[in-house]
Amino acid sequence: MPPNDRDRRIADNLRLVHACANRFRGRGIEYDDLFSAGCIGLCKAADGFSPERGFAFSTYAVPVILGEIRHLFRDGGGVKISRSLKERARKAQRLREQLEETLGREPRLSELAEAFGVSDCEMAELLVVSQPTVSLTAADETGTRQLDVPVDSGEDAIQNALALREALKALPETDRRLIELRYFEGLTQVRTAERLGLTQVQVSRRERAALLAMRKRLTG
């Protein structure tokens with residue numbers, strides 16, 4: 001069964017959940033719990049989104065995802081995981097390993113969800129439960145350590161937006177458009193490659209380089 005628009009939005013925008021969860025690292029709640037809450041927000045956003053409103057799904061989804069994550073702090077704890085959920089998560093992980101061996105590659109989230117008989121969002125949550133806890137001090141791809149990022153105030157959000165805009169302006173035109181397509185319009189690398197007349201591999205390489213350049217500008 002081909003994925004519907006809701007499931008496609010969820011599968012294509014899990015990166016938003018990671019981006020939002022990363023903003024709350026080091027504040028006393030494990031990353032797995034942050035990501036699980038964010039997945040719930042992503043599903044709610046997919047249910048409530050109306051393209052007729054005239055803005056991108058990511059614009060609508062981010063506040064909903066952040067709202068669900070902030071609920072954890074208001075409720076004073078992490079997401080409780082039942083024994084039955086842990087068992088389903090173990091089955092999901094075994095299925096993932098089986099499909100990876102059969103396909104000869106990492107299975108897509110939609111493939112796993114279809115094989116397991118659940119939605120993309122439910123499968124994402126099961127996979128999170130099955131993974132070991134992520135260290136809050138693990139080195140990232142640049143060799144630096146993760147920082148304790150506080151919850152943004154309204155003023156911080158404005159300053160961050162202005163800084164991000166300046167970092168985007170500093171990129172070459174093609175790279176700037178690539179970042180806009182990927183992170184503001186929510187397109188996949190394949191769709192972005194089609195729009196820019198590039199290959200998916202070229203998009204992947206240029207995206208990594210552009211994000212690194214932006215990070216250096218924002219933190220330098």
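**Figure 1. Residues at the contact of H2 with H3.**

**Figure 2. Geometry of the H2 and H3 pair.** Two packed helices are described by the angle between their axes and the distance between the axes. Here H2 spans residues 14-22 and H3 spans residues 31-48. Their axes lie 9 Å apart, at an angle of about 135°. H2 is therefore oblique to H3. The crossing is right-handed.

**Figure 3. Geometry of the H9 and H10 pair.** Helix H9 covers residues 173-184. Its axis and that of H10 come within 10 Å and cross at roughly 140°. That angle makes H9 oblique to H10. H9 passes H10 in a right-handed crossing.

**Figure 4. Residues at the contact of H9 with H10.** From H9 come Thr174, Arg177, Leu178, Leu181 and Arg182. They meet Gln189, Thr192, Arg195 and Leu196 of H10. This contact divides into 3 nonpolar, 3 polar and 3 charged residues. Among its residues are Arg177 and Arg182 in H9 and Arg195 in H10.

**Figure 5. The salt bridge of Arg6 with Asp47.** The count of salt bridges comes to 8. One of them joins the side chains of Arg6 and Asp47, at 2.4 Å from N to O. Arg6 lies in helix H1 (residues 5-12) and Asp47 in helix H3, so the pair ties together parts that are 41 residues apart in sequence.

**Figure 6. Confidence along the predicted model.** The mean pLDDT of the protein is 75. Of its residues, 74% reach 70 or more. Among the elements, helix H10 (residues 189-196) has the highest mean pLDDT, 90. Helix H8 (residues 154-169) has the lowest, 63. Over residues 132-158 the pLDDT is below 50. That stretch still has 39 contacts in the model beyond near neighbours in sequence.

Conventions: Residues numbered from 1 in each chain as written. Predicted model: local features only at pLDDT ≥ 70, side-chain atom pairs only at ≥ 80, totals over all residues. Heavy atoms only, no water. pLDDT = per-residue confidence, 0-100. Helix = DSSP H or I, 4+ residues; strand = E, 2+ residues; numbered from the N terminus. Contact = heavy atoms within 4.5 Å. Axes fitted to C-alpha atoms, helices over the stretch in contact; angles between N-to-C directions. Parallel < 35°, antiparallel > 145°, perpendicular 65-115°, else oblique. Left-handed = near helix turned anticlockwise from the far one by under 90°. Nonpolar A, V, L, I, M, F, W, Y, C, P; charged D, E, K, R; others polar. Salt bridge = Lys/Arg side-chain N within 4 Å of Asp/Glu carboxyl O.
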